[in-house]
Amino acid sequence: MTTSPDQRLESVLSDIRACRACLGQLPHTPRPVVRVFPETRLLICGQAPGRRVHESGLPFTDPSGDRLREWMGVDYETFYADRRLGVAAQAFCYPGTAPKGGDYPPPRRCAELWRPRLLAGLPEVELTLLVGGYAQAWALGDRAGVNMTETVRDWRAYGPAILPLPHPSWRNTAWLRKNPWFADEVTPYLRERVRGILGS
């Protein structure tokens, strides 16, 4: 029996949510967080869920999400209700907090295991937001700049299908002050693309 694209996507999502590949390697029971739909046209690829997202089971239910939604020009309700917006981080489980603060890097194993199959199930995606240096390095490979700043500064080179962004964490507040071109150039473009995708 032939399976439909929707069924194939639901199959990979079911497998991801049941994944325990990192059991014993994380400081908690794995809880994969991913939110995509057959209608997803804008895909947000962050790095990995934080502690609050691990607890809520919803992506970007934290101050980073508030800042990201501000950049995008969408409210909380739209972010979670519009199925044209999807979120699939490079790693689906919270990696834990490092001793000196901040979260551990997302393990590459997760992206290697799941990302090709998941992206194959999202044929409607026309714009992917690569949020943070780890996501950019994974997705862009040799095309990425020497660091996150250079990758984001060269954002026009990756369009129209990809837009690299800094991570919206409060830890990047100083970076945003030091790089006003992001608010002047990238944020207006991002909002324009989001309006085009959502039709409003």
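**Cavity, pocket, cores and aromatic rings**

Helix α5 (residues 108–120) contributes four residues to the lining of the largest cavity, the most of any element. Helices (H or I, at least four residues) and strands (E, at least two) are DSSP runs, numbered from the N terminus. The model is predicted, so local features need pLDDT of at least 70 and side-chain atom pairs count only at pLDDT 80 or more, while totals for chains, interfaces and linings use all residues. Residues are numbered from 1 along each chain as its sequence is written, and side-chain values use heavy atoms, without hydrogens or water.

Cavities and pockets were found on a 1 Å grid over the protein atoms alone. A cavity is a set of points where a 1.4 Å probe fits but cannot get out. A pocket is an open set with protein on both sides within 12 Å along at least five of seven lines. Lining residues have an atom within 4 Å of a point. Grid points are joined across faces, edges and corners, and a volume is the space filled by probe spheres set on the points.

One cavity of 30 Å³ or more is counted. The largest cavity has a volume of about 130 Å³. Its lining holds 15 residues, and C19, C22, F92, C93 and C110 are the closest to its centre.

The largest pocket holds about 930 Å³ of space. It is lined by 33 residues, of which G50, S64, D103, H167 and S169 are the closest to its centre. Helices α2 (51–56), α3 (63–72) and α6 (133–140) each supply at least two residues of this lining. The largest share, three residues, comes from α2.

S169 lies in the loop between β4 and α8 (173–178). S169 is buried, at 12% relative accessibility. Here buried means under 20% relative accessible area, exposed over 50%, and partly exposed in between (1.4 Å probe, protein chains only). Leaving aside neighbours within four places in sequence, S169 is in contact (heavy atoms within 4.5 Å) with S64 and R67. S169 and G132 are 37 residues apart in sequence, and their C-alpha atoms are 9.5 Å apart in space.

The nonpolar side chains come next. In soluble globular proteins, such side chains tend to be buried together. A nonpolar core is a set of buried Ala, Val, Leu, Ile, Met, Phe, Trp, Tyr and Cys residues joined through side-chain atoms within 4.5 Å. The largest core has 28 residues, and L42, I44, M72, F79, L129, L165 and F182 touch the most other members. Helix α9 (residues 181–198) gives the largest share of this core, seven residues. Another core, of 15 residues, lies apart from it, with V12, V34, L43 and C110 among its members.

T187 also lies in helix α9. T187 is buried, with a relative accessible area of 8%. Beyond its neighbours within four places in sequence, T187 is in contact with W71 and F182.

Aromatic rings were then paired. Rings of Phe, Tyr and Trp (its six-membered ring) pair if their centres lie within 6.5 Å; planes under 30 degrees apart count as stacked, over 60 as edge-to-face and the rest as tilted. The whole structure has seven aromatic pairs. The rings of W155 and Y189 have centres 4.9 Å apart and planes at 45°, so this pair is tilted. W155 lies in the loop between α7 (148–153) and β4 (162–165) and Y189 in helix α9, so the pair ties together parts that are 34 residues apart in sequence. W155 is buried, at 8% relative accessibility. Y189 is partly exposed, at 22%. The rings of W175 and F182 have centres 6.0 Å apart and planes at 70°, so this pair is edge-to-face. Both partners are buried: W175 has a relative accessible area of 11%, and F182 one of 2%.

F60, Y76, F79 and Y80 form one aromatic cluster. The charged end of R69 sits over the ring of F79, 4.9 Å from its centre. For this, NZ of Lys or CZ of Arg must be within 6 Å of the ring centre and within 35 degrees of the ring normal. Y76 is found in helix α4 (residues 76–81). Y76 is partly exposed, at 43% relative accessibility. Not counting residues up to four places away in sequence, Y76 touches T61 and R69.
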